[in-house]
Amino acid sequence: MARSCREASGMLRRALASRSSEAAIISTRVSLPRGSIPPSPASSSSSSSSREGRRPRFFSTTTTCAERPVDDDEWETVVGLELHVQIGAKTKLFSGAERLYGAEANANVAPFDAALPGSLPAVNARAVELAARLGFALGAHVQSRSSFDRKHYRYPDLPHGYQITQQRSPIALGGSLDVFVDEKAVGGVGGADDGSKRRTLRVERLQLEMDTGKSLKASDGATTVDLNRAGSTLVEIVTAPDLRGAEEAASAAETFQKIVRFLGVGDANMEEGSMRVDVNVSHQTRDGAVVGERCEVKNLNSFRSIARAVAHERTRQIALLERGTGVRRQTRSFDPATGATRNLRDKEALLDYMFAPEPDLPPVVIEPAALRAIKAAVPELPSEADARLTRTRGLAPKLARAIASRGPRTVACFDACADAADAWAKRNGTDAPAAADVANWVTGVLVGAVKRAGVTTRKGKGGSGGEPLRGLPESAGAARVGELLARVAASKSKGDSSIGTSPVGAGITARMAKSVLAAMVSGDSRPIPEIATELF
């Protein structure tokens, strides 16, 4: 009897403690700055809803979920993202250790990364600058004053026993980006002339935090820890639950990756773990009468996995809702081999991370002049570039987006080539090549010639992902490429078949121009007619 009383008393104390902890956390959340916590799907709804139609292009036609098919017409999938992107600064966020992928285990670990006694953090100014650049690019309010906090939890690859993050005062709040999705796969809001639909995704917050190490399973079953990644700069981007369906979730993550690479903020390589995505998935009836709890699927490392995880959760959650059992708030993992998610832990008992101000770091203060300089250095974004190319160059939206998504150097190269071709044609009284022809040559033939010649590498300086047209030789500069394309157009319009030095166009056909361009990329700086004469 005494044992039963002790057990009952213990259960009661644990239940009260759990409720007290949950109440405390809810109270803390209410006191955070506006926009710092994304609204739940139950309280946030889009002004217009979209229907999830055909199977998204990111996953296979086979399903591994044992649940029965669901009614697409009745239920709406609501998705929010949490993206963790490594900043491409040369060193880590709080130490001078280099940030290198693929190094020998524990080769790039400073005393602070390993939490050695007496070691103190020092903020990497370059990492702060790159995070602010990303915030400005997303239209966020970059705060002149932000601060760091300790998020306490224990894990083998977190030697400090806490993670330094920005819970109370992140570096940026708000912002948005446009996500374009093929309307054949899923409906959306707005639209583009090429048949794609646009969804505006709100950004709640961007915060700096240090990455953890990596736990590895040895062949004998033991777990080892590699701290090379520990302390690397992460920027966490939390979005509102504005996405509808698997296709939109995968497209949104892909859009974020392109922007990060476009800005030179990082390489966002999902295979290497420098970009990881968590998805928060819930479901509601289209009339809003029934709203289910959300589940978080952690650490997705490919766009296909994002789409498959959301699709599996759609089938699983709706089956539970239709049975009337409801969906329990959970943190789940995704198994790429089976295409299914599994429960890691329930969220009924909310974790108390015991957030506390970081005592070893002062607030991060960015002077107004520095903020203005960072904002001015943000290049034209892909969405802005493709809109301009469509408006001013007359390109089809799909082709304009193909150029814009490759990066600022590709956009600049196209603009310069088109201008040079127009100028050459005007001087010589010939027809200028169509902008679409110039675009196809730049994104296809020129990029291909550069890759075959090995002129550039995949990754540029700073690990920003690079662009194929980075570091073009002067012999293949925009002025010469534009002249070559203008000569091809002139020969086509005039029917000139001779290779000479006449203004009209030395009879260079498109087939011949490919060989001439390859020679130029390889360093041949002779006049274009002279190269063509030797080759043909």
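Ile531 is found in helix α12 (residues 528–535), where helices (H or I, at least four residues) and strands (E, at least two) are DSSP runs, numbered from the N terminus. The model that holds this residue is predicted: local features need pLDDT of at least 70, side-chain atom pairs count only at pLDDT 80 or more, and totals for chains, interfaces and linings use all residues. Residues are numbered from 1 along each chain as its sequence is written, and side-chain values use heavy atoms, with hydrogens and water left out.

**Ile531 and its surroundings**

- Ile531 is buried, with a relative accessible area of 0%; buried means under 20% relative accessible area, exposed over 50%, and partly exposed in between (1.4 Å probe, protein chains only).
- Ile531 and Val516 are 15 residues apart in sequence, while their C-alpha atoms are 6.4 Å apart in space.
- Leaving aside neighbours within four places in sequence, Ile531 is in contact with Arg480, Val516, Ala519, Met520, Asp524 and Arg526, contact meaning heavy atoms within 4.5 Å.

**The chain as a whole**

- The secondary structure of the chain comes to twelve helices and 17 strands.
- Of the 536 residues in the chain, 49% are buried.
- Among contacts with a separation of 6 or more, 70% are between residues 24 or more positions apart.

**Helix pair α9 and α11**

- The axes of helix α9 (residues 435–453) and helix α11 (residues 510–521) come within 9 Å and cross at roughly 45°; axes are lines fitted to C-alpha atoms, for helices over the stretch in contact, and angles run from 0 to 180 degrees between N-to-C directions.
- α9 and α11 are therefore oblique to each other, since angles under 35 degrees count as roughly parallel, over 145 as roughly antiparallel, 65 to 115 as roughly perpendicular and the rest as oblique.
- The crossing of α9 and α11 is right-handed; a crossing is left-handed if the near helix is turned anticlockwise from the far one by less than a right angle, and right-handed if clockwise.
- On the α9 side, Trp441, Val445, Leu446, Ala449, Val450 and Ala453 meet Ala510, Ala513, Lys514, Leu517, Ala518 and Val521 of α11.
- By class, the contact of α9 with α11 has eleven nonpolar, no polar and one charged residues; Ala, Val, Leu, Ile, Met, Phe, Trp, Tyr, Cys and Pro count as nonpolar, Asp, Glu, Lys and Arg as charged, and the others, Gly among them, as polar.

**Helix pair α2 and α3**

- The axes of helix α2 (residues 125–137) and α3 come within 11 Å and cross at roughly 125°.
- α2 and α3 are therefore oblique to each other.
- The crossing of α2 and α3 is right-handed.
- Arg133, Leu134 and Ala137 of α2 make the contact with Ile259, Val260 and Leu263 of α3.
- The residues of this contact of α2 with α3 divide into five nonpolar, no polar and one charged.

**Polar contacts of side chains**

- Gln86 lies in strand β1 (residues 75–86) and counts as buried at 9% relative accessibility.
- The side chains of Gln86 and Asp211 are joined by a polar contact of 3.2 Å; a polar contact is a pair of N or O atoms within 3.5 Å, and within protein, one must be able to donate a hydrogen and the other to accept it, while residues adjacent in sequence count only if both atoms are side-chain atoms.
- Not counting residues up to four places away in sequence, Gln86 touches several residues, including Arg99, Arg229, Val265 and Ser274.
- Asp113 is found in the loop between β1 and α2 and is buried, with a relative accessible area of 3%.
- The side chain of Asp113 makes a polar contact of 3.2 Å with the side chain of Lys92, and a polar atom of the Asp113 side chain lies 2.9 Å from the backbone nitrogen of Ala110.
- Arg294 has its place in the loop between β12 and β13 and is partly exposed, with a relative accessible area of 22%.
- The side chains of Arg294 and Asn280 are joined by a polar contact of 2.8 Å.
- Arg294 and Ser282 are twelve residues apart in sequence, and their C-alpha atoms are 4.2 Å apart in space.

**Positive phi angles**

- Most residues other than glycine have a negative phi.
- Ala268 is not a glycine, yet has a positive phi of about 50°.
- Ala268 lies in the loop between α3 (246–263) and β12 (275–285) and is buried, with a relative accessible area of 0%.
- Asn299, in strand β13 (residues 295–300), has a positive phi of about 55° although it is not a glycine.
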